[in-house]
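Have it open while you read.

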Amino acid sequence: MAVLGCIADDFTGAGDAASFLVKGGMSVRFYNGIPAMQDTPGSEDGTQAIVIALKSRTQKTGAAVEDSRNAARFLLNQGAQQIYYKYCSTFDSTPQGNIGPVSDALMELTGAPYTVLCPALPVNGRTVEAGSLLVNGIPLHKSSMKDHPLTPMWDCRIDRLMKPQSRFPCFIGDRPQDGSIPDSPCYLIPDHRNDEDGERIVQNYGQLPLLTGGSGLLEPLARMWAKKLPVHGRIPVSRVKGPALLLAGSCSQATLGQIAWYQRQKKPCCRLDPHALLEGRQTLDDVWHFIESCAGGPDAPLVYSSDTPRKVKEIQKLGAEKVARLLEHATAELAVRAVNAGFTRIISAGGETSGAVTKGLGFSSCLIGESVAPGVPVMVPVHRPDIRLVLKSGNFGPEDFFGHALSMTSL
């Protein structure tokens, strides 16, 4: 029976959350969407924490709230004693964003008297100081994240971001010095500059029925729960025999740098060109032939649609949703062809890309293994234990991420 339930607002964010729970000592099962009853873990599964990936980061607010409520109800029915609402560690939300409405709904559902807003992940340079969110020491709205094509960052002050979204007030800092508990629903925004701050926050607020934030609290939170559990969490083996396919759709600076690194190693790379795909000058068969030609060689092929923000804006003139659907369909179809052809490792960069890949493959549930990079775990589909997935947020991972992911998953 799971004691901790986590609701994440996108797919790679859920993998990010799950990886830190595993690192903290818990056995974790991951679901892409709210699972059907027949897919719930049994007592023999050993699951101690459940993570559910939603699409509430970019959904319409009403749908995001309803899905989050339903996910929380499922987790509570599975025995969860605590709910963690995990959102992006850059709090990427417009004034009409979903973090406030979902947090309000979950606070009411769980009966939490108050909770924290803690969108920090210090190991990846996301910190909170005096109510402001920083990316590698730079205020959020002045960082490269300000140009995100779906959820641009327009302010670094978390209380100001929440004001148009939430019905409840926000207070910067920890609980009052006298230790009193607020007598009405509200949010506290504690400093989270390093791992020691994360430990302090869990010590102070770890007993609340609801916590919200990025992944920075999840490792110490898992350690807190692990001490109470009779057995240590089990994780699956990361390595498997068979060829690998690399896919990249994120346009973040981190992913663009990772693609450039792979190209500098003289590895096989192929770009998905939206213009050429729409005009029929490039087809999925063309790209698949490229992938097949690499399958017997020493190096895994990389297929990418990633590009600079300026070029993405130009491409979006063709129709942003049309282009997004085209590229997501293409990457998903290539992943399906690869698995059907005997590829055992799929490594994907970008939240929307990774979500499309897993949806195409039909892998609704995974066990979580060790991390390739902070926030990026190896995932083993429950019904295909011969497969390994590595699905990362666009912003995560070092420059040599693709090389490290390949070496870590190869048997």
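1. Burial first: buried means under 20% relative accessible area, exposed over 50%, and partly exposed in between (1.4 Å probe, protein chains only). On that scale Cys156 is buried, with a relative accessible area of 8%, and Cys6 counts as buried at 1% relative accessibility.

2. Before going on, the ground rules. This is a predicted model, where local features need pLDDT of at least 70 and side-chain atom pairs count only at pLDDT 80 or more, while totals for chains, interfaces and linings use all residues. Residues are numbered from 1 along each chain as its sequence is written, and side-chain values use heavy atoms, with hydrogens and water left out.

3. How many disulfides are there? The structure holds 0 (a disulfide being a pair of cysteine sulfur atoms within 2.5 Å). For Cys6, the closest cysteine sulfur is in Cys88, 13 Å away and so too far for a bond. Cys156 has its closest cysteine sulfur in Cys170, at 14 Å, again too far.

4. Now helix H5, residues 195-205 (helices are DSSP runs of H or I, at least four residues, and strands runs of E, at least two, numbered from the N terminus). Asp197, Gly198, Ile201, Val202 and Tyr205 are buried there. They sit on the same side of H5, because they cover an arc of only 135 degrees around the axis (taken from the directions from the helix axis to the C-beta atoms). Asp195, Glu196 and Gln203 are exposed on the other side.

5. What covers that buried side of H5? The cover includes strands E5 (115-118), E10 (187-189) and E11 (210-213), plus helix H6 (218-226), with contact meaning heavy atoms within 4.5 Å.
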